[in-house]
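Thanks for coming, everyone. I'll take a few minutes to walk through one chain. Please have the viewer open.

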Amino acid sequence: MLKRLFDVLISFALLLVLSPAIMIILFLVSVNMGKPVLFLQMRPGKGGDDFKLLKIRSMKDTFDADDKLLSDAERITPFGRFLRNNSLDELPSLLNVLKGEMSLVGPRPLLMEYLPLYSAEQRRRHEIRPGITGWAQINGRNAVSWDEKFKMDVWYVDNRSLWLYLKVLFFTVKKVFLRDGISAKNCSTMPIFKGSSGE
């Protein structure tokens, strides 16, 4: 209950303070990439129930000669990479927190198509609300393997507390300033999850 109160108060305060910056970023996105300026995608929340995740768009919808969508590395723009490197694309997700679909801290909400690929242990990451940041994000973010990331997600589920919640928030701010662990090696973000290596 106290964690939810912190979620609401911090998210509301951030949106209030950062709203002018968000409007400027949205304008720059429209100039650099056109519309829409927001990226909306269904993601699994607590219990695997879907919700619509809000982010600032960082990629163009660019297709090859066969009408296939190009890879993330080919579609992300320099301005989009700047937004991701500074986690500015995540700012609209604060609205998901206010709505109760997410928390500030928790396992990151991944793609819906990953749900059948999880092991029983990995699936436990959905026992709590997903987060804008999390234990895995301050311990490697996209620079660690999927298996390592899921182990950290489940560890947070089992050890969550208000103190750990505040610790993750503190180190998230530090990570953002250092731009540490933004991407996996040779990838613009994170490689596609194809199933647990333990199965």
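Is Gly80 buried or exposed? Keep in mind that this is a predicted model. Gly80 is buried, with a relative accessible area of 0%. That value is under the 20% cut-off, so Gly80 counts as buried. Find Gly80 in helix α3. Now look for Val29. The C-alpha atoms of Gly80 and Val29 are 8.1 Å apart, although 51 residues separate the two along the chain.

Val29 takes us to the core. The largest nonpolar core has 31 residues. Which of them touch the most other members? Those are Val29, Leu104, Val105, Trp135 and Tyr156. Several elements give two or more residues to this core: α1, β2, α3, α4, β3, α5 and α6. Helix α1 gives the most, with six residues.

Let's stay with Leu104 for a moment. What does Leu104 contact, once neighbours within four places in sequence are set aside? The list includes Phe6, Ile10, Leu94 and Val97. Ile132, Tyr165 and Leu169 are also among the contacts of Leu104. There is a second, separate core too, with six residues. Leu110, Tyr114, Phe150 and Phe193 are among them.

In soluble globular proteins, nonpolar side chains tend to be buried together. Now for some nonpolar residues at the surface. Ile24, Phe27, Leu28 and Val31 make a nonpolar surface patch of about 390 Å². Take Phe27, which lies in helix α1, residues 2-33. Phe27 has a relative accessible area of 53%. The cut-off for exposed is over 50%, so Phe27 is exposed.

Next, the strands. How do β1 and β2 run? They run antiparallel, and seven bridges join them. β1 covers residues 38-44, and β2 covers 50-56.

Where is His126 found? It sits in the loop between β3 and β4. His126 is buried, with a relative accessible area of 8%. Leaving aside neighbours within four places in sequence, His126 contacts Pro44, Gly45, Lys46, Gly47 and Gly48, as well as Leu115 and Tyr118. Pro107 is 19 residues from His126 along the chain, and their C-alpha atoms are separated by 7.8 Å.

That's the tour. Thank you.

Definitions and conventions:
Residues are numbered from 1 along each chain as its sequence is written. This is a predicted model: local features need pLDDT of at least 70, side-chain atom pairs count only at pLDDT 80 or more; totals for chains, interfaces and linings use all residues. Side-chain values use heavy atoms; hydrogens and water are left out. Patches are made of residues with over 30% relative accessible area and no salt bridge: like charges are joined within 9 Å, nonpolar side chains (Val, Leu, Ile, Met, Phe, Trp, Tyr) within 5 Å. Accessible areas come from the Shrake-Rupley method with a 1.4 Å probe; for residues, only the protein chains shown count as cover. A salt bridge is a side-chain nitrogen of Lys or Arg within 4 Å of a carboxyl oxygen of Asp or Glu. Helices (H or I, at least four residues) and strands (E, at least two) are DSSP runs, numbered from the N terminus. Buried means under 20% relative accessible area, exposed over 50%, partly exposed in between (1.4 Å probe, protein chains only). Contact means heavy atoms within 4.5 Å. A nonpolar core is a set of buried Ala, Val, Leu, Ile, Met, Phe, Trp, Tyr and Cys residues joined through side-chain atoms within 4.5 Å. Two strands pair if DSSP finds at least two bridges between them.
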